[in-house]
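The report below goes through selected local features of one structure.

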Amino acid sequence: MSKLQPARGTRDIYGDEARHMRAVVDAFQRVGLSYGFEELATPIFEFTEVYKRPLGETSDIVSKEMYSFESSAREAGDKEPEELTLRPEFTAGVCRAFISNGMQQNLPCRFMSWGPAFRRERPQKGRYRQFHQINAELLGQDSPEADVDMIAMAWRLLNDLGLGDKVILHLNSLGDQDSRAAYRADLVAYLSNHKADLSEDSLRRLDSNPLRILDSKDEKDRTIVAGAPAMSASMNEASKQFFAAVKAGLDAIGVPYHHDERLVRGMDYYCHTAFEFITTELGAQGTVLAGGRYDGLIEQLGGPPTPGIGWAGGIERLAMLSATGSQPTPPVILMPMGEQATLKAFDIAESLRSAGISVVADRSGNLKKRLNRANKSGAKFAVILGDNELAAGQAAVKNLEAGTQNDVAFDALVRAISGSAGDAS
Ligand code: ATP
Ligand code: MG
């Protein structure tokens, strides 16, 4: 029989990796709270329309990466089959939730979310079909200062994870709608002269979304793109001022950045600020956190015109890079010897846990075997409970590191174990 494997591009997460990923989410929650963000958990699947329209039919995600399916359960009361899609990213779902729940009364809204996302990509190190993101969105503020706040929050998180020296902030401005349109025209004019050398994908995008060609990974495309007109050249005055204010804010808090004229985001709904935190340590999967402003998105989804800016970080990539999250202290091992002791051990274990001590019971094999296992596990204490100890209202506390053993009264166990660093008497 062949080995039972998880589906391609999906993984079981455990051990160090699980701890490192947990540390990323914990840091995100801490930092999010300090910026006034509240948790918002949206469903893992949405109507396909929620993603299709905002992301754009020609985006990589919509055109080939979404896990979409038709679902009908007449027995459960569905009238019509539904077109559903597993969450490929958070922003569209968060904006949908904002509209569905009538949250426009409470602007500005600051939402933080985390969890799995799904894209049908070619799996590689740092690129999976089920991956995990932390996600932050700020809705209802159209000023450049809001962009600074969002980037500052990302920067703080990255520093808390010890990544300040490992990532570089790439920053660009796409300008407002007018500037974008003007640039689009300039770019199409330029690229049309190089049609013969453009990749097939880029040729297709020349009409539908030429800006995305700037993002092409194709070698020949990149050569052509290198000579393309600069985005800043077609920027109007208002857009220039907006970008200048973002940069001034970043300077004020000392966030270093690199202006990258070719930086565009993969989705249709971005304007003004676009940014990516990139590392050179993860090969082609170097973008650990990315985001930008999307002032038209909520309106496009059918909500009231509401500006927004947000970012998402890849938890796997952040965890790989930071690899923080220490091994938890191994639990105390409780060893009841006999029936009465087994029952009493439940009680003792609960009182230790109430005091914040983690405890597991080892109930099988003779004492020697159990102590061997305990030593291997790295546990610091074994608490042995036999008939004699039980009768005396005591347990034998063995310090496995020091090799010492002492009898301790039941009501002194917590103090003996949590109180003294090594000596249990
Ligand atoms: P990339 O250029 O690496 O494909 P992207 O632009 O598609 O990234 P976003 O949609 O901006 O990525 O998602 C934000 C972050 O989520 C990325 O910067 C990355 O860290 C992470 N991410 C995106 N796709 C994957 C994936 N398939 N596997 C693991 N992490 C991912
Ligand atoms: Mg991608």
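In this predicted model, the side chain of Thr 85 makes a polar contact with the side chain of Thr 48 at 2.7 Å. A second polar contact, also given as 2.7 Å, joins the side chain of Thr 85 to that of Ser 68. Thr 85 belongs to strand β4, residues 82–86. Its relative accessible area is 0%, and the cut-off for buried is under 20%, so Thr 85 counts as buried. Not counting residues up to four places away in sequence, Thr 85 touches Ile 44, Phe 45, Glu 46, Thr 48, Tyr 51, Met 66, Tyr 67 and Ser 68. Both side-chain partners, Thr 48 and Ser 68, are therefore also on that list of contacts.

**Nonpolar cores**

Which residues have the most contacts inside the largest nonpolar core? They are Ile 134, Leu 157, Phe 277, Val 288 and Trp 311, in a core of 41 residues. Helix α5, residues 144–160, gives this core its largest share, nine residues. Another core lies apart from it and has 38 residues, including Tyr 51, Ile 213, Leu 263 and Tyr 294. Tyr 51 is also one of the residues that Thr 85 touches.

With neighbours within four places in sequence left aside, Ile 134 is in contact with Val 24, Val 25, Phe 28, Ser 113, Trp 114, Leu 157, Trp 311, Ala 312, Gly 313, Ile 315 and Leu 318.

**Ligand site**

Ligand 1 has 16 residues around it, and those that come nearest are Arg 119, Glu 121, Arg 127, Arg 265 and Thr 287. By class, this shell holds seven nonpolar, four polar and five charged residues. Strands β6 (130–139), β10 (287–293) and β11 (308–314) each supply at least two residues of the shell. The largest share, four residues, comes from β10. The following table lists polar atom pairs between ligand 1 and the protein.

| Residue and atom type | Ligand 1 atom | Distance |
|---|---|---|
| Arg 119, side-chain N or O | oxygen | 2.8 Å |
| Tyr 128, polar backbone atom | nitrogen | 2.9 Å |
| Gln 133, polar side-chain atom | oxygen | 3.0 Å |

How much of ligand 1 does the protein bury? Taken alone, ligand 1 exposes 580 Å², and 89% of that is buried by the protein.

Arg 184 is located in helix α6, residues 177–192. With a relative accessible area of 33%, Arg 184 is partly exposed. Beyond its neighbours within four places in sequence, Arg 184 is in contact with Asp 207, Ser 208, Asn 209, Pro 210 and Leu 211.

Asp 347 is part of helix α12, residues 339–354. Is Asp 347 buried or partly exposed? Its relative accessibility is 43%, so Asp 347 counts as partly exposed. Asp 347 and Leu 367 are 20 residues apart along the chain, and their C-alpha atoms are separated by 20 Å.

**Backbone geometry**

Most residues other than glycine have a negative phi, and most peptide bonds are trans.

The peptide bond from Leu 107 to Pro 108 is cis, and its omega is near -5°. Pro 108 sits in the loop between α4 (91–100) and β5 (109–118).

His 272 is not a glycine, yet its phi is positive, about 50°. The residue lies within strand β9, which covers residues 271–279. At 8% relative accessibility, His 272 is buried.

Ala 323 is another residue other than glycine with a positive phi, in this case near 45°. Ala 323 is placed in the loop between α11 (315–322) and β12 (332–336). Where does Ala 323 fall, buried or partly exposed? Its relative accessible area is 42%, which makes Ala 323 partly exposed.

Terms used
Residues are numbered from 1 along each chain as its sequence is written. Chains are lettered from A and ligands numbered from 1 in the order in which they are written. This is a predicted model: local features need pLDDT of at least 70, side-chain atom pairs count only at pLDDT 80 or more; totals for chains, interfaces and linings use all residues. Side-chain values use heavy atoms; hydrogens and water are left out. Buried means under 20% relative accessible area, exposed over 50%, partly exposed in between (1.4 Å probe, protein chains only). A nonpolar core is a set of buried Ala, Val, Leu, Ile, Met, Phe, Trp, Tyr and Cys residues joined through side-chain atoms within 4.5 Å. Contact means heavy atoms within 4.5 Å. A residue is near a molecule or strand if one of its heavy atoms lies within 4 Å of it. A polar contact is a pair of N or O atoms within 3.5 Å; within protein, one must be able to donate a hydrogen and the other to accept it, and residues adjacent in sequence count only if both atoms are side-chain atoms. Accessible areas come from the Shrake-Rupley method with a 1.4 Å probe; for residues, only the protein chains shown count as cover. Ala, Val, Leu, Ile, Met, Phe, Trp, Tyr, Cys and Pro count as nonpolar, Asp, Glu, Lys and Arg as charged, and the others, Gly among them, as polar.
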